[in-house]
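Work through the exercises below with the sequence and the model side by side. Try each task before reading its solution.

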Amino acid sequence: MSKGKLNRLVIENYVDGWDDPRLMTLAGLRRRGVTSTAINAFVRGIGITTSDSSMIRLERLEYHVREELNKTASLAMVVLHPLKVVITNLEPSSIIDLDAKKWPDAPVDDASSYYKLHCHRRCC
């Protein structure tokens with residue numbers, strides 16, 4: 001959307017100012033919750049062009065926002081209908097610690113990309 005159209009929306013009070021979350025302005029993006037790191041990565045990713053007719057798809061911004069959230073946001077997983085599994089060759093008092101990834105594309109060499117999962121056998 002052009003600056004003239006955005007200015008008209010603000011002047012005629014169709015939106016709540018330049019930081020309205022519906023606008024694609026820096027202030028609007030920040031108010032929407034987009035981090036400055038994601039915005040900077042997006043700007044670095046699109047580069048500089050001299051063409052006026054180049055269209056940048058919104059999915060590129062969303063990609064950088066997702067990449068940033070994958071690094072910073074904590075994820076949780078839940079099993080709604082768990083299956084009962086009995087391991088017969090495991091001693092009753094033994095505990096197995098497994099490393100589980102926080103997100104699917106987590107870097108292998110980064111220790112903060114994993115969390116400990118404790119598996120133990122309960123005696124019946």
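The exercises cover a cavity, a pocket and salt bridges.

The model is predicted: local features need pLDDT of at least 70, side-chain atom pairs count only at pLDDT 80 or more, and totals for chains, interfaces and linings use all residues. Residues are numbered from 1 along each chain as its sequence is written, and side-chain values use heavy atoms, leaving out hydrogens and water.

**Exercise 1. Find the largest cavity and describe its lining.**

Step 1. On a 1 Å grid over the protein atoms alone, a cavity is a set of points where a 1.4 Å probe fits but cannot get out; a pocket is an open set with protein on both sides within 12 Å along at least five of seven lines; lining residues have an atom within 4 Å of a point. Grid points are joined across faces, edges and corners, and a volume is the space filled by probe spheres set on the points.

Step 2. Search the whole structure. One cavity of 30 Å³ or more turns up. The largest cavity holds about 30 Å³.

Step 3. List the lining. It consists of G33, V34, T35, A38, V65, E68 and L69. Helix α4 (residues 58–72) gives the largest share, three residues. Helices (H or I, at least four residues) and strands (E, at least two) are DSSP runs, numbered from the N terminus.

Step 4. Sort by class. Four lining residues are nonpolar, two polar and one charged. Here Ala, Val, Leu, Ile, Met, Phe, Trp, Tyr, Cys and Pro count as nonpolar, Asp, Glu, Lys and Arg as charged, and the others, Gly among them, as polar.

**Exercise 2. Which side chain of opposite charge is nearest to E68?**

Step 1. E68 is buried (under 20% relative accessible area; exposed is over 50%, partly exposed in between, with a 1.4 Å probe and protein chains only). A salt bridge needs a side-chain nitrogen of Lys or Arg within 4 Å of a carboxyl oxygen of Asp or Glu. Lys and Arg count as positive, Asp and Glu as negative; His and the chain ends are not counted.

Step 2. List contacts (heavy atoms within 4.5 Å). Beyond neighbours within four places in sequence, E68 touches T35, T37 and A38.

**Exercise 3. Describe the largest pocket.**

Step 1. Its volume is about 630 Å³.

Step 2. The lining has 19 residues; M1, M24, T25, F42 and I56 lie nearest the centre.

Step 3. Helices α1 (3–11), α2 (26–32), α3 (36–46) and α4 each supply at least two lining residues. The most, three, come from α3.

Step 4. By class, 13 are nonpolar, three polar and three charged.

**Exercise 4. How many salt bridges does the structure hold?**

Step 1. The search finds five.

Step 2. R31 and D19 pair at 3.7 Å, N to O. R31 is in helix α2 and D19 in the loop between α1 and α2, so the pair ties together parts 12 residues apart in sequence. R31 is partly exposed at 48%, as is D19 at 33%.

Step 3. R57 bridges to E59 at 3.2 Å between the closest N and O atoms. R57 is exposed at 58%; E59 is partly exposed at 44%.

Step 4. D99 and K116 bridge with their closest N and O atoms 3.0 Å apart. D99 lies in strand β1 (residues 95–101) and K116 in strand β2 (residues 114–120), so the pair ties together parts 17 residues apart in sequence. Both D99 and K116 are exposed.
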